[in-house]
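Hi there,

I'm passing a structure over to you, with some notes on what turned up in it. Could you have a look at it before reading on?

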Amino acid sequence: FVRTDLPIQQQMVQSNHAALEAGIFLGDQTQDEPSSLIVIAVKNQAKLEKAMKDLESKGIKFVPFYEPSWEYGLTAFGTEPLTQEQRVLLKRYQLWK
């Protein structure tokens, strides 16, 4: 999940930071299949926080990313690897374009 109110270059960087952090902290070392990487867009920090609460209520683990070098605050978050059943829970969110 990444905010689209950031400059496009930062959207790419921030989403990658979040994916890396999620992989480090939530990744499954025993997984033998490649993971999918899907980027979901949200309009701003408030929507990002709302999405985190939504995922938390659904039992989906995630790692938030706060940009330390700029004053962007919370910019993105990455989730644990999701099952097909969990992916269905995210169908209301828009893919990044």
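**Pockets and salt bridges**

The second largest pocket has a volume of about 270 Å³. A word on the source first: this is a predicted model, in which local features need pLDDT of at least 70 and side-chain atom pairs count only at pLDDT 80 or more, while totals for chains, interfaces and linings use all residues. Residues are numbered from 1 along each chain as its sequence is written, and side-chain values use heavy atoms, with hydrogens and water left out.

On a 1 Å grid over the protein atoms alone, a pocket is an open set of points where a 1.4 Å probe fits, with protein on both sides within 12 Å along at least five of seven lines; lining residues have an atom within 4 Å of a point. Points are joined across faces, edges and corners, and a volume is the space filled by probe spheres set on them.

Which residues line the second largest pocket? They are T4, A41, V42, K43, K47, K50, A51, R92, Y93 and Q94. Two elements give two or more residues each, β2 (40-42) and α2 (45-57); helices (H or I, at least four residues) and strands (E, at least two) are DSSP runs numbered from the N terminus. The largest share, three residues, is from α2. By class, this lining has four nonpolar, two polar and four charged residues (nonpolar: Ala, Val, Leu, Ile, Met, Phe, Trp, Tyr, Cys and Pro; charged: Asp, Glu, Lys and Arg; polar: the others, Gly among them).

The largest pocket holds about 690 Å³ of space. Of its 28 lining residues, S36, L37, I38, T79 and E80 are the closest to the centre. α1 (8-26), β4 (74-79) and β5 (94-95) each supply at least two residues of that lining, and the largest share, six residues, comes from α1. Its lining divides into 15 nonpolar, 10 polar and three charged residues.

There are also two salt bridges in the structure (a side-chain nitrogen of Lys or Arg within 4 Å of a carboxyl oxygen of Asp or Glu). One joins D5 and R3, with the closest N and O atoms 2.9 Å apart. Is R3 buried or exposed? R3 counts as buried because its relative accessibility is 6%, whereas D5, at 42%, is partly exposed (buried is under 20% relative accessible area, exposed over 50%, partly exposed in between; 1.4 Å probe, protein chains only). The other links D54 to K58, the closest N and O atoms being 3.1 Å apart. D54 is buried at 15%, and K58 is partly exposed at 30%.

Best wishes
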